[in-house]
Amino acid sequence: MHTELRRAPAPRNTQACPPTDGPPTHEPATEGPATDGPAQGHVLAVGTPGPRREKLTRTLESTGYAVTHAVPGDIGRSVQRTPPDAIVALDGHGGVDQAVAVVREIRTAPQSQVLPLVMVTADREPAGVARLLRSGADDCLPEAADPVELSARIAAKLHRVPVPVDRLALDPRTGLYSAPHFHDELDRELRRPGRRDGVLAVVAVAEADTLEERFGARVRREVAERLAGVAERLGDGNDRLGWDEEGRLLVLMPGVDEETARRALEDFATTVAGTRFVVADENVRLTPAVGWLPLAGADGRAVDRAADAVAEALRHRDLRPVRYEPWMRAAAAPRRRARKVVRPLLLSLSPLLALLIGVGVPFALYEQTYAALGWDIASGVYWVVVAGLVLSASLILLESLFSLDAPTRPTEPAQPYPPASAVIAAYLPNEAATIVDTVESFLRLDYPSDLEIVLAYNTPHALPVEDTLREIARRDRRLVLLPVPGSTSKAQNINAAVTRVRGEFVGIFDADHHPAPDAFRHAWDWLSHGYDVVQGHCVIRNGDSSWVARQVAAEFEAIYAVSHPGRTRLYGFGIFGGSNGFWRTDMLARTRMHGSMLTEDIDSTLRALREGARIATDRTLISRELAPTRLKPLWNQRSRWAQGWLQVSLRHLGQALRHRNFTPRQKAGLVVLLGWREIQPWLSLQILPILLHSALRAGGADRIDWATPACLLAFAFTLSAGLVQTAFAGRLALPELRRRRGWFWRHALVSTVFYTHFKNIVARQSHLKELLGDRRWRVTPRAAATAATAMTATTATAAPAAKAVDGR
């Protein structure tokens, strides 16, 4: 960001107060004033008991003040218990340093930040007095001063009306414009003749209400100061910074184009999220929500409109600056009726559209080109298709071979086990039948340090299971219940939790996961050796429920036991799979999850890799989950995954290929994962229009030479890749699944004749959904059905019977 402001020294409570030795004490109030009549006011005398404090007390009482006492280390509690009108403090025997510590303690306590503070010192050196005034004292006088002068100075602070900060153009302590003067600056910029390049931004923090409940209204101003400090560090001399009564930071960025401003605001948000701030004497993480709009076309309501964008940013908590759009206004016009009708109609016809695009258009092209020009381009395309299928099969075989020598987990952690956190993200109506079992499985985890279990959930209405969860939380303090009102995605639940967790690293899980007892210990084995993220092995635990669940169980072994480890070694980077993944908390706080992405896990992977993160894959890091048991929920799940991968490809592939943090080997892997995987479903479909065209040219399908050796070899090689991958999956699977050999044989057969084509159809339709702008997250309710026998880990006690589920 840019800023022309050079602010005053850092606010007085940027650091926590040093701890004091021994328990704090509080002394009762002394007798009332010695003078007759009502007291002039109540003064808190701060100092260690002794002759100096007794003399100060007599002086204050002799001039008509009621006096109570406090000792350093207990000032905040004393002020809260008996709020005074002013504070008079002695500098103690430690000289100026000790006096400065007393001033900072007073100014750190929320209740005493605005109270008049007079320091009484034994040292009258100008340098010492200046330090005390800069630290937050309002006045300073020597101990030998006349009592009348001391009384007059206190009275002046109590009775003279100060100039409100919002009446000043700049806050003298922070250098921030007050809201009225910021609006004046904005109005001058909007009235400036000629082209108006630039951006207006408003920044709020998601934790503001919680902090205000704990520390009072002044904390909002303190938060704005912290945000402004970051903006100033990132600036280069052009912006105006202000704040409003709600504690939001106001940023005017004149003379910059929108893309430059957006990147600057994004860097600012990431920096704030990755910094731990001291606010009201407590170490906290802040989640900035940035709303902005260009100055071109802006008017006097620009700040209100940027605030509307802030409200949208607060919903997601994903650190992305949100540009104001007219629909964000409460009175925004509804969408046109035609749009509401056309999109659902096109979506319902998407299977036919896929055939039209993937088969009809190429067939018409081959026929017209041959008829008009005599060119048989279908023959060339045929060999391109064959080469593509051979390439896909080769990559599958390479992944399988590389998976045999995947890096193994370090045998011991490089550092002692730190506090850790688990975040379970749940849409509670969808998880009501399984969430209690999930929570109880987490509470049985074996971890040698502190482990908190954060259930971050949303629900549109109260549910009976919440009472059960609250009872478990009362019984076991490790469970933290975190409702996320207004959340519409897993990403928002995780983003809400990441600023609350206390662990040095965080395990992220879906609400049906039962991690192995040693999961967190083994995750730290990786993270302590320099990794930022480690992805574990997700195992299906309800495979006996249906043929669909068995198919998914074998497929997950092919994914987590073969593909992920093989790709990590082949391409030089791992992938976070959304659940059973462990992040260093600082990395997760900077990265967050983007709720607008249907596969927020892959999106966060790419953004973390761009920052230089190291991601490991460990197939021995186990967590057991539930698979869909019917075909329709499986379709919905895979449709979301396929569309999410497309979104990530469109957003990140081009940037990644230009980014200096990726090696050539990694860029090649990204081309395969983000580029080739999107082309392959359409490429495989091209065999149909090619065969139709060839049959017409040959005079019938029976006239085509099907025995071409090259074609037969390519077909056999392509077919063998899936069989080999399944064989590797059966070999590298967990012992409990390795014994289920029939599952893997059936998986190989079903994949060859049906499942591979099923996934290609899903991918093609997902592309059309993205093209039509249908990005809704469809949640399929989990319904408790016939109980299925859950497979158990060899290291754990037998788990409860797993319930069949319809999707996730």
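## A cluster of aromatic rings

In this predicted model, ring pairs join Tyr 417, Phe 442, Tyr 447, Phe 505, Phe 509, Phe 520, Trp 524 and Phe 582 into a cluster. Across the structure there are 17 aromatic pairs.

## Two ring pairs described

A pair of aromatic rings is described by the distance of the centres and the angle of the planes. For Phe 576 and Trp 583, the centres are 5.4 Å apart and the planes stand at 85 degrees to each other, an arrangement that is edge-to-face. Phe 576 and Trp 583 are both buried.

Phe 754 and Phe 758 also form an aromatic pair, with 5.6 Å from centre to centre and 40 degrees between the planes, and this pair is tilted. Phe 754 and Phe 758 both belong to helix α27, which covers residues 741-771, and because they are 4 residues apart in this helix, about one helical turn separates them. Are these two residues buried or partly exposed? Phe 754 has a relative accessibility of 31% and therefore counts as partly exposed, whereas Phe 758, at 7% relative accessibility, counts as buried, given that the cut-off for buried is under 20%.

Conventions. Residues are numbered from 1 along each chain as its sequence is written. This is a predicted model: local features need pLDDT of at least 70, side-chain atom pairs count only at pLDDT 80 or more; totals for chains, interfaces and linings use all residues. Side-chain values use heavy atoms; hydrogens and water are left out. Rings of Phe, Tyr and Trp (its six-membered ring) pair if their centres lie within 6.5 Å; planes under 30 degrees apart count as stacked, over 60 as edge-to-face and the rest as tilted. Buried means under 20% relative accessible area, exposed over 50%, partly exposed in between (1.4 Å probe, protein chains only). Helices (H or I, at least four residues) and strands (E, at least two) are DSSP runs, numbered from the N terminus.
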